[in-house]
Amino acid sequence: MNSKRELALHVAGLVLPDSVEAAANYVPFVRFGDLLYVSGQLPRLDGAVAVVGKVGEDVSIERARQAATICALRILSVVRMAAGSLDAVEQVIELTVYVNSGAAFIEHSSVADAASGVMEMAFGKAGRHARTAVGVAQLPKGAAVEINGRFALCQG
Amino acid sequence: MNSKRELALHVAGLVLPDSVEAAANYVPFVRFGDLLYVSGQLPRLDGAVAVVGKVGEDVSIERARQAATICALRILSVVRMAAGSLDAVEQVIELTVYVNSGAAFIEHSSVADAASGVMEMAFGKAGRHARTAVGVAQLPKGAAVEINGRFALCQG
Amino acid sequence: MNSKRELALHVAGLVLPDSVEAAANYVPFVRFGDLLYVSGQLPRLDGAVAVVGKVGEDVSIERARQAATICALRILSVVRMAAGSLDAVEQVIELTVYVNSGAAFIEHSSVADAASGVMEMAFGKAGRHARTAVGVAQLPKGAAVEINGRFALCQG
(Lines give C-alpha, C1' and ligand atoms only; values in the text may rest on other atoms or scores of the structure.)
Protein backbone atom coordinates (compact mmCIF):
# COMPACT_ATOMS: atom_id res chain seq x y z
CA MET A 1 0.00 0.00 0.00
CA ASN A 2 1.94 2.98 -1.29
CA SER A 3 -0.55 5.74 -0.67
CA LYS A 4 -2.21 7.58 2.19
CA ARG A 5 -5.39 7.53 0.16
CA GLU A 6 -5.38 3.75 -0.07
CA LEU A 7 -4.80 3.74 3.66
CA ALA A 8 -7.91 5.88 4.17
CA LEU A 9 -9.93 3.30 2.27
CA HIS A 10 -8.28 0.46 4.17
CA VAL A 11 -9.25 1.98 7.50
CA ALA A 12 -12.86 1.94 6.26
CA GLY A 13 -12.51 -1.75 5.39
CA LEU A 14 -12.27 -1.13 1.64
CA VAL A 15 -9.49 -2.86 -0.27
CA LEU A 16 -8.57 -2.29 -3.90
CA PRO A 17 -8.56 -5.43 -6.04
CA ASP A 18 -5.05 -6.44 -7.11
CA SER A 19 -5.43 -5.86 -10.78
CA VAL A 20 -8.10 -5.22 -13.32
CA GLU A 21 -7.93 -6.49 -16.86
CA ALA A 22 -10.23 -5.57 -19.70
CA ALA A 23 -12.59 -8.45 -20.46
CA ALA A 24 -12.40 -7.97 -24.23
CA ASN A 25 -10.34 -6.23 -26.93
CA TYR A 26 -10.03 -2.85 -25.30
CA VAL A 27 -7.93 -1.56 -22.42
CA PRO A 28 -8.83 -0.59 -18.84
CA PHE A 29 -7.66 3.00 -19.27
CA VAL A 30 -6.23 5.56 -21.64
CA ARG A 31 -4.13 8.44 -20.40
CA PHE A 32 -4.00 11.56 -22.53
CA GLY A 33 -1.93 14.32 -21.00
CA ASP A 34 -3.19 14.73 -17.46
CA LEU A 35 -6.56 13.20 -18.23
CA LEU A 36 -7.24 9.57 -17.40
CA TYR A 37 -10.22 7.78 -18.95
CA VAL A 38 -11.25 4.57 -17.16
CA SER A 39 -13.33 1.91 -18.93
CA GLY A 40 -16.72 0.86 -17.60
CA GLN A 41 -16.28 -1.45 -14.60
CA LEU A 42 -18.67 -4.21 -13.59
CA PRO A 43 -19.00 -5.41 -9.97
CA ARG A 44 -16.52 -8.25 -10.41
CA LEU A 45 -14.98 -10.14 -7.51
CA ASP A 46 -12.24 -12.60 -8.44
CA GLY A 47 -13.21 -12.31 -12.08
CA ALA A 48 -16.91 -13.18 -11.76
CA VAL A 49 -19.68 -10.57 -11.76
CA ALA A 50 -20.83 -10.66 -8.14
CA VAL A 51 -24.12 -8.77 -8.36
CA VAL A 52 -26.42 -9.70 -11.24
CA GLY A 53 -30.00 -8.68 -12.00
CA LYS A 54 -32.41 -5.79 -12.08
CA VAL A 55 -32.22 -3.35 -9.20
CA GLY A 56 -35.59 -2.91 -7.52
CA GLU A 57 -36.70 -6.36 -8.69
CA ASP A 58 -34.03 -9.08 -8.32
CA VAL A 59 -31.53 -6.89 -6.50
CA SER A 60 -32.19 -4.78 -3.39
CA ILE A 61 -31.01 -1.21 -3.18
CA GLU A 62 -28.55 -2.20 -0.44
CA ARG A 63 -27.07 -4.91 -2.66
CA ALA A 64 -26.92 -2.46 -5.57
CA ARG A 65 -24.98 -0.05 -3.37
CA GLN A 66 -22.53 -2.83 -2.61
CA ALA A 67 -22.21 -3.43 -6.34
CA ALA A 68 -21.50 0.27 -6.89
CA THR A 69 -18.84 0.15 -4.18
CA ILE A 70 -17.15 -2.80 -5.90
CA CYS A 71 -17.21 -0.95 -9.24
CA ALA A 72 -15.70 2.14 -7.60
CA LEU A 73 -12.89 0.11 -6.03
CA ARG A 74 -12.13 -1.48 -9.39
CA ILE A 75 -11.97 1.98 -10.96
CA LEU A 76 -9.48 3.03 -8.28
CA SER A 77 -7.45 -0.12 -8.89
CA VAL A 78 -7.20 0.94 -12.54
CA VAL A 79 -6.25 4.47 -11.52
CA ARG A 80 -3.49 3.09 -9.29
CA MET A 81 -2.22 0.94 -12.15
CA ALA A 82 -2.30 3.91 -14.55
CA ALA A 83 -0.80 6.53 -12.27
CA GLY A 84 1.38 4.46 -9.96
CA SER A 85 -0.45 5.59 -6.85
CA LEU A 86 -3.77 7.13 -5.87
CA ASP A 87 -1.71 10.07 -4.59
CA ALA A 88 -1.09 11.02 -8.23
CA VAL A 89 -4.75 12.00 -8.61
CA GLU A 90 -5.34 15.74 -8.62
CA GLN A 91 -9.11 15.57 -8.98
CA VAL A 92 -11.86 13.07 -9.66
CA ILE A 93 -13.59 14.67 -12.62
CA GLU A 94 -16.64 12.65 -13.48
CA LEU A 95 -18.40 9.33 -12.91
CA THR A 96 -21.14 7.86 -15.09
CA VAL A 97 -23.25 5.32 -13.22
CA TYR A 98 -25.43 2.88 -15.17
CA VAL A 99 -27.97 0.99 -13.06
CA ASN A 100 -29.69 -2.11 -14.49
CA SER A 101 -33.14 -0.88 -13.51
CA GLY A 102 -36.37 -2.62 -12.83
CA ALA A 103 -39.31 -0.85 -14.49
CA ALA A 104 -40.31 1.08 -11.36
CA PHE A 105 -36.88 1.73 -9.83
CA ILE A 106 -36.09 5.42 -9.51
CA GLU A 107 -33.52 5.59 -6.68
CA HIS A 108 -30.47 5.65 -8.96
CA SER A 109 -28.94 8.49 -6.99
CA SER A 110 -28.84 6.38 -3.86
CA VAL A 111 -26.99 3.61 -5.70
CA ALA A 112 -24.57 6.07 -7.25
CA ASP A 113 -23.95 7.68 -3.87
CA ALA A 114 -22.16 4.52 -2.76
CA ALA A 115 -19.60 5.00 -5.52
CA SER A 116 -19.33 8.71 -4.86
CA GLY A 117 -18.75 7.95 -1.20
CA VAL A 118 -15.73 5.78 -2.09
CA MET A 119 -14.23 8.70 -4.02
CA GLU A 120 -14.81 11.09 -1.15
CA MET A 121 -13.35 8.61 1.33
CA ALA A 122 -10.20 8.18 -0.75
CA PHE A 123 -9.62 11.72 -1.96
CA GLY A 124 -11.49 14.04 0.38
CA LYS A 125 -12.26 17.34 -1.33
CA ALA A 126 -10.41 16.24 -4.49
CA GLY A 127 -12.88 13.36 -4.69
CA ARG A 128 -15.89 15.58 -5.28
CA HIS A 129 -16.90 14.95 -8.86
CA ALA A 130 -19.51 15.63 -11.52
CA ARG A 131 -21.87 12.70 -11.95
CA THR A 132 -24.57 11.26 -14.15
CA ALA A 133 -26.71 8.31 -13.05
CA VAL A 134 -29.19 6.60 -15.37
CA GLY A 135 -31.24 3.41 -15.46
CA VAL A 136 -30.43 1.08 -18.34
CA ALA A 137 -32.27 -1.92 -19.80
CA GLN A 138 -29.43 -4.41 -19.38
CA LEU A 139 -25.69 -4.53 -18.71
CA PRO A 140 -22.88 -6.86 -19.80
CA LYS A 141 -23.18 -10.27 -18.10
CA GLY A 142 -26.43 -9.08 -16.51
CA ALA A 143 -24.51 -6.95 -14.00
CA ALA A 144 -26.62 -4.80 -11.67
CA VAL A 145 -24.34 -1.75 -12.01
CA GLU A 146 -21.60 -0.44 -14.33
CA ILE A 147 -19.52 2.68 -13.70
CA ASN A 148 -16.85 4.51 -15.68
CA GLY A 149 -14.78 7.54 -14.72
CA ARG A 150 -12.51 10.36 -15.77
CA PHE A 151 -9.71 11.64 -13.55
CA ALA A 152 -7.23 14.51 -13.56
CA LEU A 153 -3.68 13.44 -12.67
CA CYS A 154 -0.98 15.58 -11.13
CA GLN A 155 1.45 16.93 -13.66
CA GLY A 156 4.69 15.06 -13.76
CA MET B 1 -28.13 39.40 -15.97
CA ASN B 2 -24.45 39.87 -16.68
CA SER B 3 -24.21 38.45 -20.16
CA LYS B 4 -25.38 39.15 -23.68
CA ARG B 5 -25.92 35.43 -24.06
CA GLU B 6 -28.33 35.33 -21.14
CA LEU B 7 -30.07 38.28 -22.72
CA ALA B 8 -30.50 36.31 -25.95
CA LEU B 9 -32.22 33.56 -23.98
CA HIS B 10 -34.30 36.09 -22.08
CA VAL B 11 -35.59 37.62 -25.31
CA ALA B 12 -36.79 34.14 -26.26
CA GLY B 13 -38.60 33.83 -22.94
CA LEU B 14 -36.03 31.47 -21.43
CA VAL B 15 -34.74 32.25 -17.95
CA LEU B 16 -31.92 30.47 -16.15
CA PRO B 17 -32.85 29.06 -12.74
CA ASP B 18 -31.17 30.91 -9.90
CA SER B 19 -28.98 28.15 -8.65
CA VAL B 20 -28.52 24.45 -9.04
CA GLU B 21 -27.37 22.18 -6.28
CA ALA B 22 -26.40 18.56 -6.57
CA ALA B 23 -29.10 16.33 -5.09
CA ALA B 24 -26.64 13.92 -3.48
CA ASN B 25 -22.96 13.58 -2.53
CA TYR B 26 -21.42 14.90 -5.72
CA VAL B 27 -21.07 18.38 -7.19
CA PRO B 28 -22.83 20.13 -10.09
CA PHE B 29 -19.60 20.65 -12.03
CA VAL B 30 -15.88 20.08 -12.11
CA ARG B 31 -13.55 22.42 -13.94
CA PHE B 32 -10.24 21.03 -15.14
CA GLY B 33 -8.17 23.56 -17.04
CA ASP B 34 -10.47 25.03 -19.66
CA LEU B 35 -12.80 22.03 -19.63
CA LEU B 36 -16.01 22.15 -17.66
CA TYR B 37 -17.87 18.93 -16.87
CA VAL B 38 -21.51 19.42 -15.84
CA SER B 39 -23.39 16.72 -13.91
CA GLY B 40 -26.55 15.16 -15.31
CA GLN B 41 -29.49 17.52 -14.89
CA LEU B 42 -33.10 16.49 -14.39
CA PRO B 43 -36.03 18.71 -15.44
CA ARG B 44 -36.43 20.28 -12.01
CA LEU B 45 -38.47 23.40 -11.35
CA ASP B 46 -38.21 24.82 -7.83
CA GLY B 47 -36.54 21.62 -6.69
CA ALA B 48 -39.19 19.13 -7.84
CA VAL B 49 -38.85 17.06 -11.01
CA ALA B 50 -41.46 18.67 -13.25
CA VAL B 51 -41.75 16.07 -16.02
CA VAL B 52 -41.99 12.44 -14.93
CA GLY B 53 -42.72 9.29 -16.90
CA LYS B 54 -41.97 7.41 -20.09
CA VAL B 55 -41.80 9.48 -23.25
CA GLY B 56 -44.14 8.13 -25.93
CA GLU B 57 -46.36 6.56 -23.27
CA ASP B 58 -47.03 8.81 -20.24
CA VAL B 59 -45.29 11.87 -21.66
CA SER B 60 -45.90 13.45 -25.07
CA ILE B 61 -43.03 14.42 -27.29
CA GLU B 62 -43.91 18.11 -26.84
CA ARG B 63 -43.78 17.73 -23.06
CA ALA B 64 -40.48 15.84 -23.37
CA ARG B 65 -39.08 18.72 -25.40
CA GLN B 66 -40.11 21.08 -22.61
CA ALA B 67 -38.31 18.81 -20.15
CA ALA B 68 -35.18 18.90 -22.33
CA THR B 69 -35.39 22.69 -22.40
CA ILE B 70 -35.55 22.81 -18.59
CA CYS B 71 -32.54 20.47 -18.33
CA ALA B 72 -30.61 22.66 -20.78
CA LEU B 73 -31.38 25.83 -18.79
CA ARG B 74 -30.24 24.11 -15.60
CA ILE B 75 -26.99 23.14 -17.32
CA LEU B 76 -26.48 26.78 -18.33
CA SER B 77 -27.20 27.89 -14.77
CA VAL B 78 -24.40 25.58 -13.62
CA VAL B 79 -22.11 26.94 -16.34
CA ARG B 80 -22.82 30.49 -15.20
CA MET B 81 -22.06 29.51 -11.60
CA ALA B 82 -18.83 27.79 -12.66
CA ALA B 83 -17.55 30.40 -15.09
CA GLY B 84 -19.06 33.60 -13.71
CA SER B 85 -20.94 34.36 -16.92
CA LEU B 86 -22.12 32.55 -20.02
CA ASP B 87 -19.81 34.89 -21.93
CA ALA B 88 -16.87 32.88 -20.58
CA VAL B 89 -17.88 29.90 -22.74
CA GLU B 90 -15.67 29.41 -25.78
CA GLN B 91 -17.51 26.40 -27.16
CA VAL B 92 -20.22 23.95 -26.18
CA ILE B 93 -18.42 20.63 -26.66
CA GLU B 94 -20.87 17.83 -26.08
CA LEU B 95 -24.30 16.97 -24.69
CA THR B 96 -25.48 13.51 -23.74
CA VAL B 97 -29.27 13.25 -23.72
CA TYR B 98 -30.95 10.36 -21.90
CA VAL B 99 -34.66 9.93 -22.67
CA ASN B 100 -36.82 7.75 -20.41
CA SER B 101 -38.29 5.86 -23.37
CA GLY B 102 -41.47 3.95 -23.85
CA ALA B 103 -40.87 0.66 -25.65
CA ALA B 104 -41.80 2.00 -29.08
CA PHE B 105 -40.44 5.55 -28.79
CA ILE B 106 -37.75 6.32 -31.36
CA GLU B 107 -37.86 10.11 -31.76
CA HIS B 108 -35.05 10.81 -29.29
CA SER B 109 -33.42 13.24 -31.70
CA SER B 110 -36.48 15.46 -31.66
CA VAL B 111 -36.40 15.61 -27.85
CA ALA B 112 -32.67 16.31 -27.82
CA ASP B 113 -33.12 19.05 -30.43
CA ALA B 114 -34.92 21.15 -27.85
CA ALA B 115 -31.79 21.17 -25.67
CA SER B 116 -29.53 21.75 -28.65
CA GLY B 117 -31.72 24.68 -29.64
CA VAL B 118 -31.16 26.32 -26.25
CA MET B 119 -27.40 26.07 -26.78
CA GLU B 120 -27.64 27.57 -30.24
CA MET B 121 -29.90 30.34 -28.99
CA ALA B 122 -27.47 31.28 -26.23
CA PHE B 123 -24.15 30.83 -28.00
CA GLY B 124 -24.82 31.02 -31.73
CA LYS B 125 -22.09 29.24 -33.69
CA ALA B 126 -20.16 28.48 -30.47
CA GLY B 127 -23.23 26.56 -29.34
CA ARG B 128 -22.96 23.90 -32.04
CA HIS B 129 -21.95 20.73 -30.22
CA ALA B 130 -21.38 17.02 -30.57
CA ARG B 131 -24.32 15.03 -29.22
CA THR B 132 -25.46 11.57 -28.25
CA ALA B 133 -29.13 10.79 -27.57
CA VAL B 134 -30.28 7.41 -26.25
CA GLY B 135 -33.40 5.87 -24.74
CA VAL B 136 -32.98 4.54 -21.22
CA ALA B 137 -35.13 2.25 -19.06
CA GLN B 138 -35.58 4.66 -16.15
CA LEU B 139 -34.12 7.85 -14.74
CA PRO B 140 -33.65 9.21 -11.20
CA LYS B 141 -37.00 10.20 -9.64
CA GLY B 142 -38.70 8.86 -12.76
CA ALA B 143 -37.68 11.95 -14.75
CA ALA B 144 -38.57 11.95 -18.45
CA VAL B 145 -35.20 13.36 -19.54
CA GLU B 146 -31.68 13.78 -18.14
CA ILE B 147 -28.89 15.71 -19.85
CA ASN B 148 -25.22 16.30 -19.02
CA GLY B 149 -22.67 18.44 -20.84
CA ARG B 150 -19.05 19.36 -21.41
CA PHE B 151 -17.97 22.92 -22.21
CA ALA B 152 -14.78 24.70 -23.24
CA LEU B 153 -14.17 27.92 -21.31
CA CYS B 154 -12.18 30.91 -22.46
CA GLN B 155 -8.66 30.95 -21.14
CA GLY B 156 -8.12 33.26 -18.27
CA MET C 1 -7.50 7.35 -49.83
CA ASN C 2 -4.90 9.57 -48.24
CA SER C 3 -3.84 7.42 -45.35
CA LYS C 4 -2.06 4.16 -44.62
CA ARG C 5 -4.63 3.56 -41.92
CA GLU C 6 -7.50 3.77 -44.36
CA LEU C 7 -5.54 1.37 -46.54
CA ALA C 8 -5.35 -1.10 -43.65
CA LEU C 9 -9.13 -1.00 -43.36
CA HIS C 10 -9.53 -1.27 -47.12
CA VAL C 11 -7.41 -4.43 -47.21
CA ALA C 12 -9.84 -5.91 -44.67
CA GLY C 13 -12.76 -4.99 -46.92
CA LEU C 14 -13.85 -2.05 -44.79
CA VAL C 15 -14.56 1.25 -46.51
CA LEU C 16 -15.29 4.56 -44.83
CA PRO C 17 -18.54 6.21 -45.90
CA ASP C 18 -18.00 9.35 -47.95
CA SER C 19 -19.40 11.82 -45.54
CA VAL C 20 -21.42 11.94 -42.38
CA GLU C 21 -23.84 14.68 -41.55
CA ALA C 22 -25.62 15.26 -38.28
CA ALA C 23 -29.27 14.26 -38.55
CA ALA C 24 -30.51 17.19 -36.46
CA ASN C 25 -29.39 20.55 -35.07
CA TYR C 26 -26.01 19.53 -33.76
CA VAL C 27 -22.70 18.78 -35.46
CA PRO C 28 -20.86 15.50 -36.11
CA PHE C 29 -17.80 16.55 -34.11
CA VAL C 30 -16.24 19.24 -31.97
CA ARG C 31 -12.50 19.69 -31.77
CA PHE C 32 -11.09 21.33 -28.67
CA GLY C 33 -7.33 21.55 -28.68
CA ASP C 34 -6.09 18.06 -29.48
CA LEU C 35 -9.29 16.40 -28.30
CA LEU C 36 -11.92 15.37 -30.81
CA TYR C 37 -15.46 14.57 -29.63
CA VAL C 38 -17.54 12.57 -32.14
CA SER C 39 -21.35 12.53 -31.92
CA GLY C 40 -23.24 9.28 -31.46
CA GLN C 41 -23.38 7.36 -34.76
CA LEU C 42 -26.19 5.06 -35.85
CA PRO C 43 -25.62 2.15 -38.28
CA ARG C 44 -26.64 4.17 -41.32
CA LEU C 45 -25.95 3.07 -44.88
CA ASP C 46 -26.79 5.62 -47.59
CA GLY C 47 -28.69 7.66 -45.03
CA ALA C 48 -31.08 4.97 -43.77
CA VAL C 49 -30.56 3.11 -40.50
CA ALA C 50 -29.60 -0.36 -41.74
CA VAL C 51 -29.99 -2.41 -38.56
CA VAL C 52 -33.12 -1.80 -36.52
CA GLY C 53 -34.55 -3.63 -33.51
CA LYS C 54 -33.68 -5.20 -30.19
CA VAL C 55 -30.51 -7.26 -30.07
CA GLY C 56 -31.14 -10.77 -28.78
CA GLU C 57 -34.77 -10.59 -29.93
CA ASP C 58 -35.25 -9.07 -33.41
CA VAL C 59 -31.54 -8.77 -34.20
CA SER C 60 -28.94 -11.55 -33.96
CA ILE C 61 -25.62 -10.95 -32.28
CA GLU C 62 -23.87 -11.34 -35.64
CA ARG C 63 -26.09 -8.67 -37.18
CA ALA C 64 -25.53 -6.43 -34.17
CA ARG C 65 -21.78 -6.80 -34.67
CA GLN C 66 -22.23 -5.71 -38.28
CA ALA C 67 -24.17 -2.70 -37.01
CA ALA C 68 -21.34 -1.86 -34.60
CA THR C 69 -18.87 -2.11 -37.47
CA ILE C 70 -20.94 0.34 -39.54
CA CYS C 71 -21.10 2.76 -36.59
CA ALA C 72 -17.33 2.52 -36.14
CA LEU C 73 -16.68 3.24 -39.81
CA ARG C 74 -18.97 6.27 -39.63
CA ILE C 75 -17.05 7.51 -36.61
CA LEU C 76 -13.81 7.16 -38.58
CA SER C 77 -15.35 9.02 -41.51
CA VAL C 78 -16.09 11.89 -39.11
CA VAL C 79 -12.54 11.72 -37.73
CA ARG C 80 -11.15 11.91 -41.26
CA MET C 81 -13.37 14.91 -42.00
CA ALA C 82 -12.30 16.62 -38.76
CA ALA C 83 -8.59 15.88 -38.92
CA GLY C 84 -7.96 15.66 -42.66
CA SER C 85 -6.67 12.09 -42.44
CA LEU C 86 -6.80 9.14 -40.08
CA ASP C 87 -3.02 9.53 -39.84
CA ALA C 88 -3.61 12.64 -37.72
CA VAL C 89 -4.94 10.46 -34.88
CA GLU C 90 -2.50 10.04 -32.02
CA GLN C 91 -4.70 7.80 -29.91
CA VAL C 92 -8.24 6.49 -29.77
CA ILE C 93 -9.28 7.53 -26.28
CA GLU C 94 -12.70 6.15 -25.57
CA LEU C 95 -15.79 4.58 -27.15
CA THR C 96 -19.24 4.39 -25.57
CA VAL C 97 -21.35 1.62 -27.08
CA TYR C 98 -25.13 1.65 -26.58
CA VAL C 99 -26.87 -1.60 -27.53
CA ASN C 100 -30.67 -1.64 -27.99
CA SER C 101 -31.07 -4.70 -25.78
CA GLY C 102 -33.71 -7.34 -25.52
CA ALA C 103 -34.62 -8.08 -21.91
CA ALA C 104 -32.35 -11.10 -21.63
CA PHE C 105 -29.43 -9.95 -23.80
CA ILE C 106 -26.16 -9.71 -21.89
CA GLU C 107 -23.46 -10.10 -24.58
CA HIS C 108 -22.90 -6.37 -25.06
CA SER C 109 -19.14 -6.85 -24.95
CA SER C 110 -19.24 -9.09 -27.97
CA VAL C 111 -21.16 -6.46 -29.95
CA ALA C 112 -18.81 -3.70 -28.83
CA ASP C 113 -15.79 -5.83 -29.75
CA ALA C 114 -16.71 -5.43 -33.42
CA ALA C 115 -16.28 -1.65 -33.11
CA SER C 116 -13.12 -2.01 -31.07
CA GLY C 117 -11.76 -4.34 -33.73
CA VAL C 118 -12.20 -1.64 -36.38
CA MET C 119 -10.16 0.77 -34.26
CA GLU C 120 -7.41 -1.78 -33.75
CA MET C 121 -7.38 -2.62 -37.45
CA ALA C 122 -7.01 1.03 -38.43
CA PHE C 123 -4.66 2.28 -35.75
CA GLY C 124 -2.85 -0.74 -34.30
CA LYS C 125 -1.59 -0.03 -30.80
CA ALA C 126 -2.87 3.58 -30.99
CA GLY C 127 -6.32 2.10 -31.49
CA ARG C 128 -6.50 0.50 -28.05
CA HIS C 129 -9.08 2.51 -26.15
CA ALA C 130 -11.10 2.75 -22.97
CA ARG C 131 -14.64 1.52 -23.45
CA THR C 132 -18.07 1.37 -21.87
CA ALA C 133 -20.83 -0.86 -23.27
CA VAL C 134 -24.38 -0.77 -21.94
CA GLY C 135 -27.83 -2.04 -22.92
CA VAL C 136 -30.41 0.67 -23.51
CA ALA C 137 -34.21 0.58 -23.82
CA GLN C 138 -34.40 2.20 -27.26
CA LEU C 139 -32.30 4.18 -29.69
CA PRO C 140 -33.06 6.91 -32.25
CA LYS C 141 -34.95 5.49 -35.26
CA GLY C 142 -35.03 2.12 -33.46
CA ALA C 143 -31.36 1.50 -34.32
CA ALA C 144 -29.82 -1.66 -32.87
CA VAL C 145 -26.56 0.08 -31.88
CA GLU C 146 -25.24 3.61 -31.33
CA ILE C 147 -21.60 4.50 -30.66
CA ASN C 148 -19.78 7.73 -29.87
CA GLY C 149 -16.07 8.37 -29.42
CA ARG C 150 -13.31 10.63 -28.21
CA PHE C 151 -9.95 10.84 -29.97
CA ALA C 152 -6.58 12.47 -29.39
CA LEU C 153 -5.15 14.17 -32.46
CA CYS C 154 -1.51 14.83 -33.24
CA GLN C 155 -0.40 18.32 -32.37
CA GLY C 156 -0.13 20.61 -35.30
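In which strand of chain A is Gln91(A) found? Gln91(A) lies in strand β5 of chain A, which spans residues 89-100, where helices (H or I, at least four residues) and strands (E, at least two) are DSSP runs numbered from the N terminus. This is a predicted model, in which local features need pLDDT of at least 70 and side-chain atom pairs count only at pLDDT 80 or more, while totals for chains, interfaces and linings use all residues. Residues are numbered from 1 along each chain as its sequence is written, chains are lettered from A and ligands numbered from 1 in the order in which they are written, and side-chain values use heavy atoms, with hydrogens and water left out.

**Surroundings of Gln91(A)**

Leaving aside neighbours within four places in sequence, Gln91(A) is in contact (heavy atoms within 4.5 Å) with Lys125(A), Ala126(A), Arg128(A), Phe151(A) and Ala152(A), and also with Val30(B). The side chain of Gln91(A) reaches the backbone oxygen of Ala126(A) at 3.4 Å.

**Chain A as a whole**

Chain A contains three helices and seven strands, and from the N terminus on these elements run in the order α-β-β-β-β-α-β-α-β-β. The radius of gyration of chain A is 15 Å, close to the 15 Å that the globule rule gives for 156 residues, so chain A is as compact as a globular protein of that length; this radius is taken over C-alpha atoms, and the globule rule is 2.2 Å times the number of residues to the power 0.38. Taken along the principal axes, the C-alpha atoms of chain A fill a box of roughly 45 × 35 × 25 Å.

**Salt bridges**

Over all chains, a search of the whole structure finds 18 salt bridges, each being a side-chain nitrogen of Lys or Arg within 4 Å of a carboxyl oxygen of Asp or Glu. One of them joins Arg131(A) to Asp113(A), and this pair links distant parts of the chain, with Arg131(A) in strand β6 (residues 130-136) and Asp113(A) in helix α3 (residues 108-123), 18 residues apart. The table sets this pair beside two that join different chains.

| Salt bridge | Closest N and O atoms |
|---|---|
| Arg131(A) with Asp113(A) | 2.8 Å |
| Lys141(A) with Glu107(C) | 3.3 Å |
| Lys141(C) with Glu107(B) | 3.3 Å |

**The interface of chain A and chain C**

The contact takes 23 residues from chain A and 33 residues from chain C. Between them the two chains bury about 2,100 Å², 58% of it on carbon and sulfur atoms, buried area being the accessible area (1.4 Å probe) that two parts lose on being put together, summed over both. The rule finds two salt bridges across this interface, together with eleven residue pairs in polar contact, both residues being at pLDDT 80 or more. A polar contact is a pair of N or O atoms within 3.5 Å; within protein, one must be able to donate a hydrogen and the other to accept it, and residues adjacent in sequence count only if both atoms are side-chain atoms.

On the side of chain A that touches chain C, the elements that give two or more residues are β1 (29-32), β2 (35-41) and β7 (145-153) of chain A, and β2(A) gives the most, with five residues. By class, that side has 14 nonpolar, six polar and three charged residues, where Ala, Val, Leu, Ile, Met, Phe, Trp, Tyr, Cys and Pro count as nonpolar, Asp, Glu, Lys and Arg as charged, and the others, Gly among them, as polar.

**The interface of chain C and chain B**

Here the contact takes 23 residues from chain C and 33 residues from chain B, and the two chains bury about 2,100 Å² between them, 59% of it on carbon and sulfur atoms. Across this interface the rule finds two salt bridges and eleven residue pairs in polar contact. On the side of chain C that touches chain B, β1 (29-32), β2 (35-41) and β7 (145-153) of chain C each give two or more residues.

**How the copies are related**

Chain C can be laid on chain B with an RMSD of 0.0 Å by a turn of 120° and a shift of 0.0 Å along the axis, copies being superposed by least squares on the C-alpha atoms of residues with pLDDT of at least 70 in both. These two copies are thus related as by a three-fold rotation axis. Only 17% of the interface residues of chain A are also interface residues in chain C, so the copies meet through different surfaces.
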